[in-house]
Amino acid sequence: MTTDRIDLVQGTLDVLVLQTLSTMGPLHGYGIARRIEQTSGRQVLLNQGTVYAALVRLQRDGLIAAAWGSSDNNRRAKFYTLTKAGTKHLAAETRQWRRLSDVMNRVLSAPPERAR
Amino acid sequence: MIRRLRALLERSRSLFTTQALDAELEEELSAHLEMATEEHVRRGLSQGEARRIARIELGGIGAAKALHREHRALPGVETLLQDIRYGVRSLRRERGFAVCAVLLVGLGVAASTIVFSIANALLVRPLPFADPETLVWIANGTQPDQSARTVQVAYVENMRRNSQFFADVAGYSPFYREGDYHLAVGNQPQRATGMPITCNLLPLLGVEPIVGRNFSEDQCLWNGPPAVLIAHGLWVRRFAGDPGIVGRTVRLGGGRVAAPAAVTVVGVLPPWFDLAALFAPGTRVDFYMPFPLGPESNRNGNTLALIGRLRPGAAPDAAQAETAVLADTLRQSQQLNMFNPRVRPLREQVSGAFRPIVYVLAGSVGLVLLIVCANVSNLLLARSSARAKEMAVRAALGAGRRRLIRQMLTESVVLSSAGAVVGLALAAAGTRLLASLQAPVPLLGNVRLDGLALASALGVTITTGLAFGVMPALRSSAFAIEGALRQKGRGSSDGRGHGRMLGGLVVTQVALACVLLIGATLLVRSFVRLLDVDLGFEPARAIAIRIDPGVRFDTVARRTAYYDDLLHHVRDVPAVQAAGLIDVLPFGFNRLWDVTTREQPATSTRSTAFVRIVSEDYLPAMGVTLVSGRHFTTADREGSAPVAIVNEAFARMLWPGQDAIGHVFTSSDVDREVVGVVRGTRHQALEEQPGAEMYFSFRQMPVYEISQSYVVVRGTSEPAALTGQVREALARAAPQLPTDDVRILETMLQQTLAPRRLVASLLTAFAVFALMLAAFGIYGVIAYATAQRRKEFGIRLALGESPGRLRGRVLARVLALTTAGLMLGLAASLPAGRLLRGLLFEIAPADSVTFATIPLVLLLAAALAGYLPARRACRTDALEALRDE
C-alpha cells in the first residue's frame, strides 16, 4: 500500500461525488467510491465510509436524489442521481476549484526573486 | 434559503424515522461490502481475506453510521428529545411525585383556560358581525331604565338622511316580551317570542338569512303584508329544518296582532345569529318581524334601541356630537321626546358591564397559577436533593452546568405538558358546562375552547413549566458542580440556603392563598346576604303561567269574564292554595307611570311609580304583606270608584309621615283613592330596594292597558306536579290557550342570581384549591425538613427531650412561616378587596368577620399540615437514626 496518498481537503469529497455522478450517471455508493479511487489514479486516500456521509449530506441539500434499484449482478442497491440543483452546484464548484488551482499553480511556480 | 429549509425539513423528518433510516443505511452498507468482497475475490483473494479488506476500506461500519446520523439530523433537537425521553423516564420512576405535580398543573391549566375562554367570549372575540369594530350602540341619556333610553323614530329617519358619521342606523324594539305570541303550526298554538327589528338591521350587521331573504320593502311599511324571519332554533324545533318553509304561512296570534292571522315566513337566520344573547341574555327570540319606520311608528314615542354603523374613520365621540346637534335641530321643527344621544362601541354595551368580573376572575386565576408554581417548585426542590447524587455523577461525567439546567428545565416542561393534557380535558368539560348555563350573561353560549384558548393554555403550560423549574434547576445544578460528591449521600442537611428557599415558597403560598380566600369569602358572604334579602314576596311553591289569549277583548266585561273563568278553574285544583292575576312578574318587564296629587302640583319634581295590574287574589297568593287598609274585592269593578293599593315607598314618596289610606292621586288621567298599603317587593333586581309601586284592579282598567297576564299559583305540592294540574285545568277552560310559558318563581330567582353564583363559585373553587395547595406545600416542606433532621431529633430524644417539646419546636416553625405569609396576605387583601367593591352586596371590602376568620382557617390548616410530620419526627428511634449513618 502506498503511503503518499493525499488526505482529502474538507469539502472536496462532495465535489468528487457530484462529478462522478455527472460523468457516470446513476450509481450506487460502492460504485462511487471505486470510481473516485480509479479516476484519481489511486492517489486519494479514501475512507469509503465517508462517501456515505457525503451522500447523506448531498441528499439532504437536494443536490442528489436516491432510489432503490438493482446492480449489474442483480443485487439490491441504492442508486444516486444528480438533481438539477446538483448540476448547477457542480458547475459553480468546478469553476471555483479551477480558479483556486490556477492561483495555487501560479503562486507556487513563480520563479524565486533574487534578494539584493 | 430554500436549501436550508429543505435541509431542516429532511433533518426534522429524520428525527422521527431514525430506525427506518438506520435500517436503510444498514442495507446499503452491506450491499457495499458484498460488492467490494466480490471484486476482491475476482482479483484472486480468498473469501475471508476479501471480506476483511473490504471492511478495512469501508473504514468501520459503526463510524460510518455515526457519521451518517450526525449529518442527517438536528443535533439540538436530538438532545432535546433525549432530555424529554429521559424526563419521561425519570417521572415514571417517581410515580407519586409525578401524579401530584401533573394534577396540580392540570388544575391550574384548567382554571386558567376556562377563565381565558370566558374572557375570550365576552371581551376578546369579535362580535359575529361584519366589521364589528365600527358598530356602536346609541343610547338616549344615561338612565338605567330601558324605556327612557330608547329613541323616537323621527330621530332615526333624520340620522339616516343627514349624518356624516353614520353609514347607517338601525334598531330593534326592546319592548317585546317573552312569549307574547301564539304561534300555530299544526292545531295547537304555542307561546313564541318575536323581536321587532328595523328592516335595515340585518344588512347593517352584515347578516344574511341562510334560507330565503330579508324583508322586502313593502313588508317594511306600516300595515304592510305581515312577514317574519325565523330564528334557527325555532326552525329546527318546529319545522324540522325544512327549507321549504320559506314562502309558507304560519298563524300568529297575541302580541301586537289583533287576532290570529296568517304570516309569511320569508327566511331563516343563521344558527349563530341571536340578538337575545347580546341584548337580553338568558332569554330566547323565536322570530323577528319588521318594525316600520315612518310617521305612524313615530307617534308611539320612544320605541327603538339603536345600533349604528360608523363610516370608516369616524369616532364615536364625533358621531355623538353630531347626533346631538341633529337632534336639537329636529326638535325645533317638531314636537318630539328628548333625545340625549350617548354613542359607545357595541361591544361595551353588550359585555362592558362584565369587564370587572372577568378581571377579578383573571386576577384570581393568576394567583392560583402562582401558587401552583410555588407548590410544584417545592416538590421539585425536595426531589432535587434526592437527585443530588445523580446530578453530581452527570457533572463528573462532563455535563456542563448549562446542559444540566437545560435537562432539568426540559423535565419540568415535560411535567407541565402532561399537566396540560389533564387540564385541557377538564377545561373542555368546564367550558361546555358554562356554555350550557341559562344565565343572564351575554355571549355565555359562545364560551368554548378555540385556537386562542389552546394557545393560551400552551403559553401557560410552558411558562409555568419554566417558572417552577427554574429555581430547582439553578439550585441543583449549582449544587452538582460544587461537588455534591463531597457531601455524604444522605443524612446531612443540604445547607441553609435550601431551607430558606423552601420557607420562602411556603410564605408565598400562604400569602396568595390568604388573598384568594378573603376575596372568595367576601363574595360568598355577599351572596348569602343576597339570599337573605326580604323579597317582599314568597317564592316557595309558587308558579306563574302566562294566560293572555291570542285575541284582543273588545269590552272590559268580556275580558273580566274570561279571566274570572280561568281563575275559577285554577282555584278548583285541589293542590292550589291561592291563585291571582298580574300583568308583570318580578325580574321581568317593568313600566313606570307618572303620578301626581292635588296637594302637590306639577311644579315640584316628577314622581313616577311602577304599575302592576292585578286581580284581588294576587297579593295574598304572592305573599305580599298588607300593612294597612284592605285588599281589592270584586266590588272594585268597572264603573265603581277607582281605587289603588300602594306600597310603603310610594306612600313615603307622596305623603311622608302621613297615613296614605284615603288619599287620592292621579295617574294615566284617572284619580284613584288609596285603599290599602302593602310592603314593597324587589322587582328589578335582588340588589335594588323596592321602588314606589302601585297596584290597580284589572276590573277597573281599560282593555288596551293589559297586554300580557300571568296567573300566579301557590300550591301545596311541588312546582312540577302543580304545573301539570294547573295546565290541565286551564286546558279544560280554554282549549286553544297555549300554556307552555311556565315560570317557577324560585327558578326565576336563581336565574337572576346566576352571574353572581358563577363568579362566587369559581372564586371559591380557586380559593379552596389554593388552601389545599398551601396546606400541601406546608406538609411537604415540613416533612422534608424533619426527615433531613432525623438524626438530630434522634439525638435530642435520646438525651431526654420530651416528644411534646420536639413537636412544639416543629409546629413553631410551621406557625412562624404561616404567620409571615398571613401578614403579607392580609396586607395585600385590603387593596384586593377594594377591587371587588363593585361585586359586593352589603359587605365592606374590609369586612371584619372575613378578615378575622380567614387567618384562623389558614392557621388551622397549617397546624394540621405541620402536625403529621411533627408527630412522625417525635417517633424517631434514636438508635435507628444514628445507625443509618
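The largest nonpolar core of this predicted model has 131 residues, and Leu205(B), Leu275(B) and Tyr288(B) make the most contacts inside it. A nonpolar core here is a set of buried Ala, Val, Leu, Ile, Met, Phe, Trp, Tyr and Cys residues joined through side-chain atoms within 4.5 Å, with buried meaning under 20% relative accessible area (1.4 Å probe, protein chains only). Top contributor to this core is helix α24 of chain B (residues 745–788), with 18 residues; helices are DSSP runs of H or I, at least four residues long, and strands are runs of E, at least two, both numbered from the N terminus. Leaving aside residues up to four places away in sequence, Leu205(B) touches Phe129(B), Ala130(B), Leu135(B), Phe273(B), Leu275(B), Ile307(B) and Arg309(B), where touching means heavy atoms within 4.5 Å. Apart from this core lies another, of 43 residues, including Ile545(B), Leu567(B), Ala579(B) and Ile613(B).

Now for the interface. Chain A brings 26 residues to the contact and chain B 25 residues. Together they bury about 2500 Å², with carbon and sulfur atoms giving 52% of that area; this is the accessible area (1.4 Å probe) lost on putting the two parts together, summed over both. On the chain A side, Tyr30(A), Tyr52(A) and Arg60(A) supply 30% of what chain A buries against chain B, more than any other three residues.

Two salt bridges are counted between chain A and chain B, each a side-chain nitrogen of Lys or Arg within 4 Å of a carboxyl oxygen of Asp or Glu. In one of them, the side chains of Arg34(A) and Glu39(B) meet at 2.6 Å, N to O. Elements of chain A that each put at least two residues into the side touching chain B are α2 (29–39), α3 (48–60) and β5 (76–82). The largest share, eight residues, comes from α3(A). By type, this side of chain A splits into 10 nonpolar, nine polar and seven charged residues.

His28(A) sits in strand β2 of chain A (residues 27–28). His28(A) counts as buried because its relative accessible area is 11%. Its contacts, again skipping residues up to four places away in sequence, are Ser71(A), Ala77(A), Lys78(A) and Phe79(A), plus Met35(B) from the other chain.

Residues are numbered from 1 along each chain as its sequence is written, and chains are lettered from A and ligands numbered from 1 in the order in which they are written. Local features need pLDDT of at least 70, side-chain atom pairs count only at pLDDT 80 or more, and totals for chains, interfaces and linings use all residues, while side-chain values use heavy atoms, with hydrogens and water left out.

Terms used
Ala, Val, Leu, Ile, Met, Phe, Trp, Tyr, Cys and Pro count as nonpolar, Asp, Glu, Lys and Arg as charged, and the others, Gly among them, as polar. Buried means under 20% relative accessible area, exposed over 50%, partly exposed in between (1.4 Å probe, protein chains only).
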